[in-house]
Amino acid sequence: KYGINSRMKSFHKFNSKIVIPEIIKRIENNEIVSLISDAGTPLISDPGNDLTNEFFKKKLKFYSIPGSNSVIAGLVASGMPTSSFTFYGFVPRIRKEKNALFKTIDSSSNTSIFFESPKRVKSTINSLREIMKIRRVSIVRELTKKNEEVISGDINQVYIKICLKKEIKGELTIIVEPAKKINALIDDIFL
């Protein structure tokens, strides 16, 4: 559409170790290389971070051009507090590591944000609700796309909503409200 006539090459976690030296060589030869993502901002939980680390090691200059970012867009769409948040990347697959992460989130005074696969979201929310009995959660999917959706509410309500869905597709960003807000609410109830 825009008449850009450039060669494109895939860059992902399965080929990054091979492709990074090729990219470095091109940059050292004064070629222009652009890292573009079809799923949000490059480097956020993807191998682009390994590439920029190599740039720093070799003292190569690069530029960051802001684009859509599901972490920030999801946070804003969730209605959760935005003044202080922690991004955890993708949820670990190993149950013990996943539970350790959720215990950290359970006691965090920051809004917590993480990514999850549509195939694992139901079990992840179920594990999360086993640790956090009372907490507001938002699942934000497909932001800025045709099937954009925000599922918000108490963690138990959200779990029921996603269990009633036949299938969940797309990129998922999950946002969990901070613990101190819940603790203040509990204090108000019992005082």
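Predicted model: local features only at pLDDT ≥ 70, side-chain atom pairs only at ≥ 80, totals over all residues.
View 1. Local features need pLDDT of at least 70, side-chain atom pairs count only at pLDDT 80 or more, and totals for chains, interfaces and linings use all residues. Residues are numbered from 1 along each chain as its sequence is written, and side-chain values use heavy atoms, with hydrogens and water left out.

**View 2. Order of helices and strands.** The chain holds seven helices and five strands, which are DSSP runs numbered from the N terminus (helices H or I, at least four residues; strands E, at least two). Along the sequence their pattern reads α-α-α-β-α-β-α-β-β-α-β-α, and the C-alpha atoms fill a box of roughly 70 × 35 × 30 Å along the principal axes.

**View 3. Burial and accessible surface.** Among the 191 residues of the chain, 34% count as buried, where buried means under 20% relative accessible area, exposed over 50% and partly exposed in between (1.4 Å probe, protein chains only). The chain exposes about 12700 Å², of which carbon and sulfur atoms supply 54%; accessible areas come from the Shrake-Rupley method with a 1.4 Å probe.

**View 4. Phenylalanine 85 in strand β1.** Phenylalanine 85 lies in strand β1, which spans residues 85–90, and is described as partly exposed because its relative accessible area is 33%.
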